[in-house]
Amino acid sequence: MRLRQFGAALLSAATLVGGLAACGSSGPSSALAKAKDEKKLTIGVKYDQPGMGLKKPDGTVEGFDVDVAKYIAKELGVPESGITWKEARSANRETFLAQGQVDLIVATYSITEARKPKVTFAGPFYLAHQDTLVRADDTSITSLDSLKGKRICQVTGSNSWKNIAEGTNKESKKVDVTLVPAGAYDECITKLKGNALDAVTTDDMILAGYAKREGSALKVTGAPFTDEKYGVGLKKGDKETCEAVNKAITKMYQDGTIKQLFEKHFSGTGLNFTATGAPPAEGCS
Amino acid sequence: MESLLDFGPLVQEFATILAGFWSTIRLTVMSAVLALVLGTVLVAMRVSPTPVLRSVGTFYVNILRNTPLTLVLLLCALGLSDTLQLTLSRDPGINYYWWAIAGLSAYTAAFVCEALRAGINTVPVGQAEAARAIGLTFTQSLRLIVLPQAFRSVIAPLGSILIALTKNTTIVIVAGYIEASAVMKQMFDDYGGTLPIFLGFAAGYMVLTLPTGFFFGWLARRLAVVR
Amino acid sequence: MSTSVLFDVPGPRARLRNNIITLVSAVVVLGVAYLLISGLADKGQLQGRLWEPFLRADVWTGMIIPGLVATLKAAALSAVLALVFGVVFGLGRLSDHAWIRRPAGAVVEFFRAIPLLLLIFFAQAGPATLSGYTVGVPAFAAVVIGLTLYNGSVLAEVFRAGVLAVPRGQSEAGYSLGLSKSGVMRLILLPQATTAMMPAIISQMVVLLKDTALGWVIAYEELLNFGLKQIPANFGNLIPSAIVISVVYIGINMALAHLATVLERRSRRSRGPAAPAGLAGPTAPAGPPSAESAGISVVADSARVE
C-alpha cells in the first residue's frame, strides 16, 4: 500500500514536470487572430526603462512604449484589461517572439537589417535618434567626434555601442572608444555617475527618461547621429497582424494621439516632438 | 531537422569557444589560489585566542556564505569598482577581470574556511594538547601540528570546492566579463538553442571538472591521515 | 572559548598581547567600515532619497514581497522535484541491475559536472529550437528544470551515501526477517539514510534557494530581478537596493541554515550521547560524514559552493 502511494507521488511529480514543459506553447497562428477571438494579447515591454516602459511598485506599467502598445491593442480590438504585460529585455526579444511567449513587442525596438530575418516589424511608429548622456559638469563631449578615446557603455544585446565603435551611424564614422561592458542601462548610469565611464550613448528617448529620473546630475548632449526606427516586433511571418498594426500607427498620427503621448512622458526633458506625419512604413515581410 | 544535429557552429566558432574556456580556466586558477590563502587566514582567525578576530571571521563567513554569488559579483563590480572607484586597472576589461576574481575568491574563501574548520575538528584533541605540552605557542601549534593534518583530511572537500568554483565562474557573466557560458549564450542567440551547442559546452566543462574530481579523490586517498 | 585546547589560558603577557591584537584589529575593522561608509556617502549613495523607497509600503508589497514569493515558489517546487529525482537516481545507482545502475550513474555524473547556468540557458532555449519554435518554456519552468536536474543529482549522491552508510547488520537483519529487496530499502535503509542525511539535505536546500537568483539572467521575476532591475529603474538606487536585497537573502538563508543545525542536534541526541566538540568548535552541518568510510567520493556538504 505504501509503495503504491510512493509510486503515485512519483507519477504525479512526473506529470507536473511534463506539464511545465508543455505550457507556454502558442495557440492561434497570428496575434491578430488571437486578439479578435480571445480579446487578449501578451505584449512585451521594457520593465526597467523610465519614460519608455517602467513597472511601478503598484504593479502597473507606464511609459511611452506602454501607451503606444495600449493604443495599438485597442485598435486590434483588445481592451486594456485584456493585455498581459511581460518583460522584454534587449537580449531576449527575438527569442520571446520566436517562442511565442509574447504576441507583440513594443520595447525600444529599432528596425534593423540584422533583425529582419528573425522578426517581422510593423511600423516604424516613431523616429528616435541616438544621442549621448554625460555628467552635467562634463563639457568635453559635444559631438560624435569628441567621443574619441572616451569610455562608453556596452550593453549586452543592444546595438547602440556598435553604431559608434563599428561606424554604423549617419556620418559612417568609426570612432575609437573604450568599451565598458554592462548588463543593463541602469548599470551604465551607476557607472557614469561613479566616473567608471564617460558617456552612455543610446536612443535619445531612453536617455531623456534617465535624465528626468536623475535630476540635475546628468545631461543629454543633444547631438544626434543615427535614426532609430522604433517598430513593433511580431513573430516572423505574421504579415496579417503587421498590416493591422501599421493601420493603427497611421491613425495614431492622424488623430494626434502620438504627440499627446510624447508630451505626457517627455515634456521638460529638452526633447521635442518634431514629426509631422507617420514615418514611412517599412512594409511587412 | 538535420540542422538540429548540426555540429557546424561548434567548428565555426571554435576559436571563440576556446578563448571562452581559457577565460574560465584563468578565472578558476587565480580565484582558487586567492580563496585558499584567504580561507586559511579566515580559519586561523576563527580559532584564534582573540575574540574580535573570531567574531570578524564568523561574521565574514556567515555573510558571504548566505549571499547569492550573483549579488556578491555585482556588488564588487558596481559597488566597489564603479561607485567607490576602487579600480584595479586603468583598462576597464582588466579591471572587471580582477574584480570578478576578487568576488569569486571572497565568496569561495568562506567555503574553504568552513571546510578547513571541519578538518581541524578531525584532528584528535591529544595532538593539540601534546603541542601545548611541549611549549608550542598558538601560531606554532596551528602551523606545525594542526593545520597540516587538517589540510590532509579535507583534500576531497577542497577538491569539490574547486569544481564548484569552476562551475561558478559562469556567473561572472553578470559582472560583464566574458567566459565560456557567455559564449554559449551568444551562440544560442545566433544559431538557436541546439543540442550540439549545449552538448559541446557541457563536454568542455566536463573536461575541466571530471579530471579535477578524480585527481582530488586520488590525492585524498594518498594523503589520508592514518588513525 | 577560553577552554579551547588550541591555546593555554592566557597569562599576563598573553593577555597584554591579546589586548593589543584586539585593539589593532578593532581599529582595522572600524577603519574599513568607515572608509566604506564615507565612500558611499561621498558618492551620494546615502542620500535619504535613495533609501526612502524601502520605507514605503508599496515597494514592499508590490516588489520585494512578490519577488520573494516568486523566489520561494521556484525554490520550493524545485526542492520537491529534486528530492524525488534524488531518491529515484540515488537508488537507481544502487540497483543490482547494471542496465539501471549505469544509466542512472551517467545521468547523475553528467548533471553534476556542468554548470547550472548552462542547464538553465538550455532549458529555456533548447525545447523551442528542437520543436521548431512551437514549444516555449516560460522562465519559471526553465529555472525549476535547471535547479531540479542539478540539485537532484547532488541529492542522488547524498541519498546513495546515506544508504551505504547504514550499518550492514541493519539490512542483514531485514533480510533475515524475510523482507524483500525493496522492503529492506523502503522500510529499513531509506528512513535511516534520510534521517542521517537531513543536515546535508537542508544545506543543499540553502544552495538551491541561493541558486534561484540565477533566474534573473533569463528574466524570471524573482527577488534579485526586482532588487536589481525594477526598484533601481523606478528610483535610481541600484547600490542601496542591492544592499537591501542582500540582507533579505542572508536572513532567509541563515534561518534555513539554523534549521539544519537544530535538526542535526536533534538527530544526534536521539542516537546517543553528543559527540565531543572538536578543536574548532561545532561546525555547520558538514554533510555525509560517513561518506568517506563508505568508500564513495561524496564530499562534505559544507563544500558545496554553488
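The contact between chain B and chain C takes 69 residues from chain B and 55 residues from chain C, where two residues are in contact if their C-beta atoms, placed from the backbone, lie within 7 Å. On the chain B side, the elements giving two or more residues are α3 (51–66), α4 (69–83), α5, α6 (125–133), α7 (138–153), α8, α9 (180–191) and α10 (195–223) of chain B. α10(B) gives the largest share, 10 residues. By class, this side has 41 nonpolar, 21 polar and seven charged residues. Here Ala, Val, Leu, Ile, Met, Phe, Trp, Tyr, Cys and Pro count as nonpolar, Asp, Glu, Lys and Arg as charged, and the others, Gly among them, as polar.

A word on the model. It is predicted: local features need pLDDT of at least 70, side-chain atom pairs count only at pLDDT 80 or more, and totals for chains, interfaces and linings use all residues. Residues are numbered from 1 along each chain as its sequence is written, while chains are lettered from A and ligands numbered from 1 in the order in which they are written.

Now chain B by itself. It has 10 helices and zero strands; helices (H or I, at least four residues) and strands (E, at least two) are DSSP runs, numbered from the N terminus. The C-alpha trace of chain B spans about 75 × 45 × 25 Å along its principal axes.

One helix pair in chain B is worth a look. The axes of α5 (residues 92–122) and α8 (residues 155–168) of chain B come within 10 Å and cross at roughly 160°. Axes are lines fitted to C-alpha atoms, for helices over the stretch in contact, and angles run from 0 to 180 degrees between N-to-C directions. The crossing angle therefore makes α5(B) roughly antiparallel to α8(B), a label for angles over 145 degrees. From α5(B), L104(B), T108(B), F111(B), V112(B) and A115(B) meet P157(B), L158(B), I161(B), L165(B) and N168(B) of α8(B). Eight of the residues in this contact are nonpolar, two are polar and none is charged.

Next, the annotation. An unreviewed UniProt entry lists "transmembrane region" for several spans of chain B, including residues 59–81 and 96–116. UniProt positions are given in the numbering used here, feature names are shortened, and annotations may be inferred rather than shown by experiment. In the model, residues 59–81 of chain B are 91% helix and 0% strand, with end C-alpha atoms 23 Å apart. Residues 96–116 of chain B are 100% helix, and their end C-alpha atoms are 29 Å apart.

For chain C, the spans under that name in an unreviewed UniProt entry include residues 20–40 and 60–92. Residues 20–40 of chain C are 100% helix, with 30 Å between the end C-alpha atoms. Residues 60–92 of chain C are also 100% helix, and there the end C-alpha atoms are 45 Å apart.

Last, chain A. What is the strand order of its open sheet of five strands? The order is β5-β1-β6-β13-β7 (chain A), with mixed pairing; two strands pair if DSSP finds at least two bridges between them. β5 (83–87) and β7 (119–128) of chain A are the edge strands. Strand β1 (residues 41–45) of chain A pairs with β5(A) in the parallel sense over five bridges, and I43(A) stands opposite W85(A). Helix α3 (residues 64–75) of chain A lies across β1, β5, β7 and β13 (228–235) of chain A, at about 160° to β1(A).

Conventions: Parallel < 35°, antiparallel > 145°, perpendicular 65-115°, else oblique.
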